[in-house]
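Good morning. Please have the sequence and the structure open while I talk, and stop me if you lose your place.

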Amino acid sequence: MADPVATDAPTAEEPTANDTPSTEAKLDNKDTETATADSADSAAAEEKEKEESGAGPIVSSSKRTRPSYKYDPDKITLRFLFANRDGLTVTIECNPSDTVGEVKGALMSVWPEGLPPCSGGDHLRLICMGKGYLMPESRTLEECEIPVFKTHPTPINVTVRPEVTKEEEKTLKKKETGNASNNRGAGRSGQSSDNAANTSQVDTGCACVLL
């Protein structure tokens, strides 16, 4: 009987541990993808809820993009209006205990592009109809007696005080110094005139000679 002849037919190689991903690795990747998707969905939901509730400063370039208003007796919704910028508004939902300084800080955090630059809240002037300027910054909205409406946010007009450059500041100081010097000079001149008048009155007095 002939011996079996060995053939050169290729045999399938058994997969090694390095060639096939382990079950644990697959589970880890799946968990990571799920966590990433959940995080994205959560962030989107929070953003949507924030927009719907009106919480946080919201910049609107036209009436169509303004957030809807919901009356809440425990909140004060302010809508900031800017001079010469029709349609541009910033809507902020505040608490009665918020101070004027905190409101200015919230407004500065979303300062609209295209407006004059503002370096700080001390250059901002907030004007409420019937209440005048909202100041000082330590005062709360409740203390300012800000009106709350059931149909629309409380309008607040915003003005920016121009910032004084160093050159302008030097010029102002020179003018103030010059005015002070002129006032001192005018005072001395007035005193000299009074003294001269008194002397002339003495010189023109009546003199009697007894013989």
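I start with E145, which counts as exposed because its relative accessibility is 53%, over the cut-off of 50%. You will find E145 in the loop between strand 5 and strand 6. Its phi is near 55 degrees, which is a positive value in a residue other than glycine. Please keep in mind that this is a predicted model.

The peptide bond that joins M135 and P136 is cis, with omega at about -5 degrees.

Now go to the loop between strand 2 and strand 3, where N84 is placed. N84 is not a glycine, yet its phi is positive, at about 60 degrees. Is N84 buried or exposed? N84 counts as exposed, at 77% relative accessibility.

Next, the whole chain. There are three helices and six strands in the protein chain. Along the sequence they follow the pattern α-β-β-β-α-β-β-β-α. The protein chain has 211 residues, and 19% of them count as buried. Take the contacts in the protein chain with a separation of 6 or more: residues 24 or more positions apart account for 60% of these.

Strand 2 pairs with strand 6 in the parallel sense, over five bridges. In that pairing, R79 stands opposite P155 in strand 6. Strand 4 also pairs with strand 6, over five bridges, but in the antiparallel sense. There, L124 stands opposite V160 of strand 6.

Strand 4 and strand 5 run antiparallel and are joined by two bridges. I127 stands opposite Y133 in strand 5. The hairpin of these two strands has three residues between the strands, and in it G130 takes a positive phi near 85 degrees.

Stay with strand 4 for its two faces. In a regular strand the side chains alternate between the two faces of the sheet. Which residues of strand 4 are on the covered face? They are L124, L126 and C128, while R125 and I127 make up the uncovered face.

Now helix 2, residues 100-109. Its buried residues are V100, V103, K104 and L107. They cover an arc of only 100 degrees around the axis, so they are on the same side of helix 2. These buried residues pack against strand 2 (76-82), strand 3 (89-94), strand 4 (124-128) and strand 6 (154-160).

In soluble globular proteins, nonpolar side chains tend to be buried together. The largest nonpolar core here has 23 residues, and the ones that touch the most other members are L78, F80, F82, L107 and L126. Strand 2, strand 3, helix 2, strand 4 and strand 6 are the elements that give two or more residues to this core. Strand 2 gives the largest share, four residues.

Look at F82 in particular. Leaving aside neighbours within four places in sequence, F82 is in contact with L88, T89, V90, L107, W111, P112, L115 and V158.

Why does T91 count as buried? Its relative accessible area is 5%, and buried means under 20%. Again leaving aside neighbours within four places in sequence, the contacts of T91 are G56, P57, I58, P67, T77, L78 and R79. With R79, the side chain of T91 makes a polar contact, side chain to side chain, at 3.1 Å. T91 and P57 are 34 residues apart along the chain, and their C-alpha atoms are separated by 5.6 Å.

Methods
Residues numbered from 1 in each chain as written. Predicted model: local features only at pLDDT ≥ 70, side-chain atom pairs only at ≥ 80, totals over all residues. Heavy atoms only, no water. Buried < 20%, exposed > 50% of the residue type's maximum accessible area, 1.4 Å probe, protein only. Arc of directions from axis to C-beta. Contact = heavy atoms within 4.5 Å. Pairing = 2+ DSSP bridges. Core = buried A, V, L, I, M, F, W, Y, C linked by side-chain atoms within 4.5 Å. Polar contact = N/O pair within 3.5 Å; in protein donor to acceptor, adjacent residues only side chain to side chain.
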